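Hi,

Here's the structure I said I'd send over. Have a look first, and my notes follow below.

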Amino acid sequence: MAGALTYLSDSALPPGTLVRVPLGQRELLGVVWDQLLQSAEARTDLDPAKLRPIAAALTALPPLSPSWRALISFAAGYYQRSAGEVALAALPPQLRDLSTVQLARKLKKKAAAAAKAQAASASTPANTSSTALDAASALAAPQTTGKPALATLDSTPDTLYLIALTAEQTKAIDQFHAHPGPFLLFGATGSGKTEVFMRCTADLLSSSGSAQVLVMVPEINLTPQLEERFKTRFCARYGDDAVVSMHSGLTPAQRLASWLAAHSGVARIVLGTRMAVFASMPHLKLIVVDEEHDPSYKSGEGARYSARDLAVYRGKLDGAKVLLGSATPSLESWHHSRPAEEGGRYLRLEMPSRVGANAVLPLVRRVDMNHQPKGCVISPPLLDAIGQRIARGEQSMVFLNRRGYAPVLSCSDCDWKSTCPHCSAFRVFHKIDRSLRCHHCGFAERVPRACPDCGSLDIAPVGRGTERLEEQLALLLSGITRPDGSAVRIARIDADTTKLKGSLESQLAQVHSGEVDVLVGTQMIAKGHDFRRITLVAAINPDGALFSSDFRSPERLFGLLMQAAGRAGRDAGNSSRSEMWVQTFHPTHPLYDALKQHDYPAFAKSQLVEREQAGMPPFSFQALVRADARTQEAAQAFLNTASSTIGLSSELAPWLTHVTLYPAVPMSIQRVANVERAQMLVESPSRTALQRFLSAWQATLQATRAQPQCKGLLRWAVDVDPLLI
Ligand code: ADP
Ligand code: ZN
Ligand code: ZN
């Protein structure tokens, strides 16, 4: 393993043991790695007299398992980072900071809690063949056990236990049990995927006394409902410690506690964001990846791993089943789940129907903006439809993917624009605090009274963001009253309104309790939330993504619009059919046609045909090498030099028949915080070839740094399977 260090230890430590080691003046956390990974020469080179002893071995903790170490090694190799970096990022920061004494104290507390939980679970009724049945019988006859946990359950019955599964859910679960997977659960929004996840979880947990399940969600803060549902269902049976969460919103102490619970096996279910894919779970039997298409599963820094892809790999390592779920799968997963005869590797489980009385998907309406009054933001028919909703006491959701008041401020006399002095981007006008803020580097200033260049007072916002949309809607809807005669209530949810901890939750609660008639927001509100009383969803200006240079834009837009449509009309109590409105200048675009039909397969098919013709993923594999430098020239010189020397190397040159390297180009936002950014695309029809080439190329990239033309280079990094090109 590259970068492994060698230390002395009095006693033989099994691989996976956590240790503290001195490095220079500091003391660091380390993991004893497999001996075999160190090359023999490296070790004969070592002078035992110069080796330092480890400071301490955290022997109170069981060693990290071989499969965990294999996952780290794989992730490091695949994403071109060092195993040490990946391992340390995967461990809770407090493991690094706590003294061994402090750690021992924590472990003692945990052990006591575990013993208590063990006692509680031992007293629950014996397992029968199916957990769903167990749960139901436990609910039906709590008095026979008389245990406190069940008594609590009885006082707040989880009616979900008693749900009869739909035929589609039953079929999906049966297939899940009959096949090894991996699975792609392709289910419409509201088809009951979460219920399937919970049943599969329940079944696997009851299959053995120690089985563990990892459930991943893209953004745990946006899905408190899911956490709640898992806790309600499983804590009663397996104890309060049985469900833990793992995400960046936790305090270091909470993160350590969750990690220890998972590592020791006390936690039977870990719910987490992408970082949870590295949770140490010695008895892992199932990994669920909810909303598997979500770009949040891809890390944007350090090892730029895809937690979804690693989940599939981890399933193989741990012998755990893997269940991916989405209403709008990533085209990669969709392609993997084609019929096995055509080469598919995942089994597709389909649940096309929504559950219950509200089985109908919303009606999609396209507004042809070519035929609307010039410059109008909300077309008259949409405005009218929102007004009707308000008058009926129903809610509407309007989204626009741009926050702030206006994306740019401009002088009508001299054409001055509010560019950021540090970035190749405009500063956004935020009216609420009259600031101009750069969304890339954070640079903020008060809005000038007059044009900084010519002094004209005629400076005005151009375009619109959610803040301005909210203002305009308030104006346009001011004549409309609610059923009780009171005024319309408009609320906005975006990154600006939810900066404070807990503010998103409280704003969502307001929407849920019916205190809001029209909700304005960014894609934040289109994702995942269960808005039961909303009967109209509108996308104000989604066209941009149709013509983006990023080939994944249509996929993302389609997913977003389908998800947004899925927010509407989940409440069976709504009498009218809910609607999804799309304002577009391209109403006949095939993407909107497929949306109107709620036809993801048709959309996916047309996209995959295009991708195959163009040799794009999933029909090819990509990596980006990104370089940051003081000048654009240096950034590009670094990439182009590293690329042009490949042909000169007898070791690397043969790869050029398998791998294509494109010339370096500036990134779409070329300068951020005075740093120039460039990137180079590397492509191959073979994943393995790309992989091997990148590993072999590392040394060249390292060496290129020192070239004179690369002076000013700050850093470079490889992004394997990049999501944003
Ligand atoms: P998805 O995750 O596919 O969007 P959910 O699992 O959230 O869907 O289910 C949508 C709603 O339907 C939830 O309120 C859930 O409790 C309910 N539900 C799920 N399965 C059933 C069922 N078999 N019978 C009745 N209601 C169900
Ligand atoms: Zn001016
Ligand atoms: Zn900036």
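What share of the residues in the chain is buried? Buried residues make up 52% of the 725 in the chain. Keep in mind that this is a predicted model.

On the overall fold: there are 21 helices and 26 strands in the chain. If you take the contacts with a separation of 6 or more, 76% of them come from residues 24 or more positions apart. The chain's accessible surface is about 32,100 Å², and carbon and sulfur atoms account for 55% of that.

Ligand 1 is surrounded by 18 residues, and the closest are Ile163, Ala164, Gln169, Gly190 and Lys193. Split by class, that shell holds 7 polar, 6 nonpolar and 5 charged residues. Helix H9, which covers residues 193–207, gives the most to the shell, with 3 residues.

A few backbone contacts to check when you open the site:

- Gly190: a backbone N or O atom sits 2.7 Å from an oxygen atom of ligand 1.
- Ala164: one of its polar backbone atoms is 2.9 Å from a nitrogen atom of ligand 1.
- Lys193: a polar backbone atom lies 2.9 Å from an oxygen atom of ligand 1.

As for how much of the ligand gets covered, ligand 1 exposes 560 Å² when taken alone, and the protein buries 78% of that.

That's what I have for now.

Cheers

Notes
Residues numbered from 1 in each chain as written. Chains lettered and ligands numbered in written order. Predicted model: local features only at pLDDT ≥ 70, side-chain atom pairs only at ≥ 80, totals over all residues. Heavy atoms only, no water. Near = heavy atom within 4 Å. Polar contact = N/O pair within 3.5 Å; in protein donor to acceptor, adjacent residues only side chain to side chain. Areas by Shrake-Rupley, 256 points an atom, 1.4 Å probe, with all protein chains shown as cover. Helix = DSSP H or I, 4+ residues; strand = E, 2+ residues; numbered from the N terminus. Nonpolar A, V, L, I, M, F, W, Y, C, P; charged D, E, K, R; others polar. Buried < 20%, exposed > 50% of the residue type's maximum accessible area, 1.4 Å probe, protein only. Contact = heavy atoms within 4.5 Å.
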